[in-house]
Amino acid sequence: MTTHILAIDQGTTSSRAIVFDADMQPVATAQQEFTQHFPASGWVEHDPEEIWRSVQDVCRAALDQAGLSAADLAGIGITNQRETTIVWDKDGPVHNAIVWQDRRTADFCAELRAQGHGDRITALTGLLPDPYFSGTKLRWILDKVGRREGLMFGTVDTWLIWKMTGQHVTDATNAARTMLYDIHAGGWSAEMCALLDIPMEMLPKVYDCAADFGVTEMLGAPVPILGVAGDQQAATIGQACFAPGMLKSTYGTGCFALLNTGAEAIPSRSRLLTTIAYQLDGQVTYALEGSIFVAGAVVQWLRDGLGLIARASDTEGLAAQGQDGVTLVPAFTGLGAPYWDAEARGAIFGLTRDTGPADMARAALDSVAFQTRDLIEAMKQDWPAFGDTVLRVDGGLSANDWAMQRLADILGAPVDRPARVETTALGAAWLAGMRAGLYPNMDGFAQTWARDVVFEPKSTESDRTAAYARWQRAVAATQAAPG
């Protein structure tokens, strides 16, 4: 009896599989890290075949842990790191995957802007000419391999579905992150493909987020893939942000805030992205998105780069012991929204002789709060009805009570943490389960959202204004500093 859904959450540093039961509760989880390749400064790559092996491993492990087989699954949902770019032919990948964090195409993006293409790119795709997005990465790979015939392109979802089913498909949310997709017309843009010299025949077919993506037998019996969404859109769905004005922010490797703007694609005046939040039954719901490249990754840097902590969770107690005054701008791979400065690099300000690990931990977590406020301030400019919108948070860093309280203090607004923090995987699971008829419709699903805790701001207006001004000065100095 098909009473469960398998969600594949393929992330930047690891692959996970979570089995959800008929009540949308997780009953088993498996996770596996994979190799990060850094062939040059600012370059980040993955081995697509290693990603595929890790996905197979965690899917089988999660089913074993749950005591289930493929025959118990009503469907599979996939959510994935977005913008990461893979090109393959019938024999396999022709190059390593170029990861969303990678900045190697910064010069090409600068050329596009200098040639006056920026406004047109934004008008068609909702995006900015930045190395973050897939289009220029794809162009780089094609130029590197020296051919354009017999090749297929895909983001990670497309690669996995190809390996699982032989189908060359994607969903609208992933397509919208490529800089090749017209988010208003709802199809691949011939104009953008011509601009970047990319053959349209190598692009996948685009479906709704809940659709029939093919059937896989990788687990020993046929199971349909019924739901696909990029990770931040899946988290938006998992947080039940279905009404215009609802806002979520996910704290993983980076931080990504999405504001639901309904059926209207809002052009940003504040250098945010206009993107697709989800597409169901052929109807597009749009969002304004702010993307921060380094959030949880700054905690990893404290652990792996500086050796100041043994575990990510150590920052909670350590930061509480720290003092204000040190400002860390974690522009390790440039600055994302609203600055979009690919050349900026990280910097630390306010060091004194007695600065220690606790102050660094505090500054690291502060940087996440400050960057989030950058995004919220930009959204207020673009969305006049922003009002008293409450931020719903998820992702690994959202479990850190100190960081979330600090976030509320810096924003001067409440922060809601849901009872179910696995919102990204839950979003993918709901898409598949709803398509399979196992889970409720949108309204029914929204009614299941429950709050774990609300963090109310405790700081004074003058304190948070002073702290944010210090952050703004530090960012300005970082952008002005030589590379």
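Me: Which residue is the bridge partner of Thr 274 in E19?
Reply: Leu 288. This is a predicted model, where local features need pLDDT of at least 70, side-chain atom pairs count only at pLDDT 80 or more, and totals for chains, interfaces and linings use all residues. Residues are numbered from 1 along each chain as its sequence is written, and side-chain values use heavy atoms, with hydrogens and water left out.

Me: What makes E18 and E19 a pair?
Reply: Pairing takes at least two bridges found by DSSP. Seven bridges join E18 to E19 (residues 283–292), and the two run antiparallel.

Me: Why are E18 and E24 said to stand at the edges?
Reply: The open sheet's order is E18-E19-E17-E16-E22-E23-E24. E18 (273–280) and E24 (451–455) each have a single partner strand, so one side of each lacks a neighbour in the sheet.

Me: Why are H11 and H12 called oblique to each other?
Reply: H11 (residues 357–382) and H12 (residues 401–411) pack at about 45°. Under 35 degrees would be roughly parallel, 65 to 115 roughly perpendicular, over 145 roughly antiparallel, and the rest is oblique. H11 and H12 are therefore oblique.

Me: What makes the crossing of H11 and H12 right-handed?
Reply: A crossing is right-handed if the near helix is turned clockwise from the far one by less than a right angle, and left-handed if anticlockwise. H11 passes H12 in the right-handed way.

Me: How do you know that H8 is mostly covered?
Reply: Buried means under 20% relative accessible area (exposed is over 50%, partly exposed in between; 1.4 Å probe, protein chains only). In H8 (residues 231–238), eight of its eight residues are buried, Ile 237 and Gly 238 among them.

Note on methods
Axes are lines fitted to C-alpha atoms, for helices over the stretch in contact, and angles run from 0 to 180 degrees between N-to-C directions. Helices (H or I, at least four residues) and strands (E, at least two) are DSSP runs, numbered from the N terminus.
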